[in-house]
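Please keep the structure in view while going through the points.

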Amino acid sequence: MRILLIPALLATTLLTGAAEAPQAPSPTRLKADVAALVAFGTRNTLSSATDPKRGIGAARTWAAARFEAIGKSCGGCISVERISRSFTGPRAPNGVIVEDVLGIQKGRDPNRVIIIGAHIDSRGSDTLDITKDAPGANDDASGVALVLEAARHLSKQKFDATIVYAIFSGEEQGLWGGTLLAETAKERGWEVSAMLNNDIVGNTMGQNGIRVADRVRVFSEGIRASEDIKEQLARRGNGGEDDGPSRALAKTVDAVAASIPKGLDVFVDRRPDRFGRGGDHEPFLRLGYPAVRFSVGAENWTQQHQDLRTEGGIDYGDTIDKMDFPYLAKVTAINIAAIRRLAAAPGAPKGVTISGASSFDTLVKWQPVPGAAKYRVYWRRTDSPGWTGKRDVAATSVTLVNTLIDDHLFAVAAISAGGAESVPVLAGPAPR
């Protein structure tokens, strides 16, 4: 299936100075990468780290080689780093070295970072079983293939922000790969503008037999995991439960996706993840970083965490024949478009405040953002889910006349000289 060129991507490309319009993600290439990962037999985190052909070690080395090849094709714009640490837990009682493979595309600002990630490890019915094949085609070779394809496309451009392409291990043991990178980001002092986690993004047939090929779910937290009680009460008092950094990121992804002709609808799922389950974005949330999870519109649990077998006429197991690669290409296109916008934009504004109690006018103020050519002030009535008004200003404050603070919410985004826009930041009361 040929995916049409995306005008929104074309516009952003011209704004960021690329010479040519971006090409669409390739379903054929995505399938080839998934097939290569499946060929390692099992990618259980507890499997061999040294066998050159089978197990997690061979898979991670293959991923590193893919990043190296992409970096070579862009003149060294992507460097490869492998970070590791020992973890112990119920799903690794004897301990295991968890290693993340990173492709790092440095931007003009090496400290402001956007992360796109997926986990490379797989499992069968028993998390501790490293002998049986665990192909892990959709969970989560689909996400790894997406990350690699994003690197191929985005490496053709230079951005203000640094992009980190992350391949996690240890997800099935307890989100250990995500934990490793989130804590590494904090140790290195990275300012993480966004983290996009892609986990189970390549099938369209649900277990109920209904095909869902028109949408992808993007999960995001409302009340932040990193907020203490005082901060939660402040958000409650401001009415900002639906406008935290991760929810604002999800809404931005939704807006980006809406500009893609014949693309997918983004279902903004107002939960951190699926009910009672988790993913590698959650360690980032715990440390206060904006993070969301992409996942398919319809899951099939006979194809997740299952040994390969046939029972009662049902084929169990996560195999490549059950995937939909044109759909995966569309999910990939949304990720690429979102990162292209955010990496070209300035950082999100800080210190965004409002004042105007007992007045019909509202004063919105914020701190200047390096690299911002102007700012976009948004507002909406408190009974509206999306922004309904906006105004562009060059200053760092604006008075909105006859816009009652009691009945409206406000946010500010920073915009580059080329027109790339950051995630909007909700305004709150100034500190007393």
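**Note on the cavities and the sheet**

1. The largest cavity holds about 60 Å³ of space. The model is a predicted one, and two cavities of 30 Å³ or more are counted in it.

2. The residues lining the largest cavity are Ser122, Arg123, Pro135, Gly136, Asp139, Glu172, Gln304, His305, Gln306 and Asp318. Sorted by class, this lining comprises one nonpolar, five polar and four charged residues.

3. For the second largest cavity, the volume is about 50 Å³. Its lining consists of Asn138, Asp139, Asn203, Asn300, Gln303, Gln304, Asp318 and Lys322. Here the classes are five polar and three charged residues, with no nonpolar residue.

4. Turning to the sheet, strands pair through backbone hydrogen bonds, in either a parallel or an antiparallel manner. In this model, eight strands make an open sheet of mixed pairing, ordered S1-S2-S4-S3-S5-S8-S6-S7. Strand S1 (78–89) and strand S7 (265–269) are the edge strands, each pairing on one side only. On average, neighbouring strands of the sheet are turned by 25° against each other, direction ignored.

5. Strand S6 (residues 215–219) and strand S8 (residues 291–296) run antiparallel and are joined by four bridges. Across this pair, phenylalanine 219 stands opposite arginine 293 of S8.

6. Helices also pack on the sheet. Helix H6 (residues 176–188) touches S1, strand S2 (92–105), strand S3 (109–119), strand S4 (161–168) and strand S5 (191–198), and its direction makes about 115° with that of S1. Helix H8 (residues 245–258) lies across S5, S6, S7 and S8 and runs at about 165° to S7.

How values were computed. Residues numbered from 1 in each chain as written. Predicted model: local features only at pLDDT ≥ 70, side-chain atom pairs only at ≥ 80, totals over all residues. Heavy atoms only, no water. 1 Å grid on protein atoms, 1.4 Å probe; cavity = no way out; pocket = protein on both sides within 12 Å on 5 of 7 lines; lining within 4 Å. Points joined across faces, edges and corners; volume = space filled by probe spheres on them. Nonpolar A, V, L, I, M, F, W, Y, C, P; charged D, E, K, R; others polar. Pairing = 2+ DSSP bridges. Helix = DSSP H or I, 4+ residues; strand = E, 2+ residues; numbered from the N terminus. Axes fitted to C-alpha atoms, helices over the stretch in contact; angles between N-to-C directions. Contact = heavy atoms within 4.5 Å.
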